[in-house]
Amino acid sequence: MRIQTLPENLVARIAAGEVVERPVSIVKELVENSLDARSRRIVVEVESGGKKAIRVTDDGHGMEAADVQAAFQRHATSKIRDLEDLMEISTMGFRGEALPSIAAVSRVRMRSATSPSGIGSLLLVEHGVIGKISEVSASQGTGVEVTGLFEKIPVRKKFLRSVPTELAHITNLLHRFALVRPETSFRLVSDGKPILEAPGVPRFRDRVRQVFGDRFLDVMIPLKVEDGELRLHGFVSRPDSHHSSRTRQSFFVNHRLIRDRTLSHAIQEAYERILPARRFPAVLIFLDMPPAEVDVNIHPAKTEVRFRDPSRCHDLLFNGIRDLLAAIKPFAPLLGSSGRPEPDSFTKVPDRLREATEGFFQIRESLLPETAGAPGPGR
């Protein structure tokens with residue numbers, strides 16, 4: 001069989017498959033662009049769980065007409081210029097693959113304006129075919145509408161799940177974005193009905209209550225440990241609070257939501273002899289480190305990272321949780337004869353938790369990114 005060069009439209013769809021798995025993938029990429037554009041208000045609207053339509057609107061910097069067109073070229077980005085920039089990524093997006101990948105498997109309508117003058121640019125892209133740009137009335141910021149997802153790739157479309165499932169993925173994602181940017185307002189609307197209303201707030205603790213409710217802190221323990229320039233902080237659940245899956249475990253590295261086996265393994269080891277079999281703790285972990293210590297450029301969707309020293313990160317989290325739980329109560333008495341935590345294991349914890357929580361919020365709020373220092377135009 002002879003080797004041949006694939007046509008560009010097929011190459012684009014193959015590349016899109018690495019970025020766009022389901023509607024939530026699109027929401028993730030578009031919201032990251034909005035955050036990089038220094039938006040203070042982001043509205044996400046979906047129809048049929050995003051399978052029919054997705055609209056993301058922000059009040060960020062917006063783009064000029066030429067940049068609107070360039071944004072749909074592969075590997076076109078405003079966020080890096082050379083190899084040195086690639087080694088110290090500080091923006092959410094940077095690869096220049098999101099918009100062209102989305103446009104390769106759907107119809108995209110983008111409207112953007114750089115000033116409140118009321119004049120902006122409109123561009124339509126249908127399954128990779130870029131149309132002509134036109135001038136339209138528009139408020140400052142960018143709005144992107146995505147329809148017809150996988151319309152021309154039925155084999156991909158049939159793998160999408162039910163509307164409630166796809167909507168749940170989107171809702172969970174926005175909850176997590178809201179945690180890392182409490183100063184930004186997030187709104188999610190599903191089929192015309194508000195699902196999430198999270199106005200910008202000045203304090204991280206207020207955002208935690210918005211996202212998880214007042215009872216969240218009752219079953220979680222604040223965690224704060226450091227090792228030189230590595231700073232780890234967050235919440236882990238008490239041993240008497242556990243779940244049937246790992247879906248309530250969230251990891252952020254330099255404010256980026258990720259999946260990571262190293263951190264997951266540290267959690268599993270720390271709770272291994274404490275929880276009943278096949279039960280998992282809830283965790284909310286923020287790991288901050290110099291950008292040069294972590295490679296975020298190993299996955300097109302930017303959901304995975306590679307640590308320069310994974311063992312150091314693993315041990316910091318493992319030891320932090322182990323020491324925290326041991327300080328509250330020795331491991332052995334936590335499990336009763338039934339193999340489940342005794343109901344009175346934590347009767348003396350509340351006062352200590354309140355003190356620890358107060359200290360955690362102080363350091364967490366000091367580490368949140370400053371909006372004024374956020375990256376530029378954002379596509």
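Analyst: A salt bridge here is a side-chain nitrogen of Lys or Arg within 4 Å of a carboxyl oxygen of Asp or Glu. The model is predicted, so local features need pLDDT of at least 70 and side-chain atom pairs count only at pLDDT 80 or more, while totals for chains, interfaces and linings use all residues. Residues are numbered from 1 along each chain as its sequence is written, and side-chain values use heavy atoms, with hydrogens and water left out.

Arg-238 is buried, with a relative accessible area of 17%, where buried means under 20%, exposed over 50% and partly exposed in between (1.4 Å probe, protein chains only). Asp-240 is partly exposed, at 28%.
Salt bridges that share partners join Glu-47, Lys-52, Arg-55, Arg-109 and Glu-145 into one network.

Glu-47 has 21% relative accessibility and counts as partly exposed. Arg-55 also meets Glu-145, at 3.0 Å from N to O. That pair links distant parts of the chain: Arg-55 lies in strand β2 (residues 53–58) and Glu-145 in strand β7 (residues 141–147), 90 residues apart. Strands are DSSP runs of E with at least two residues, helices are runs of H or I with at least four, and both are numbered from the N terminus. Glu-145 is partly exposed, with a relative accessible area of 24%.

Over the whole structure, a search finds 18 salt bridges.
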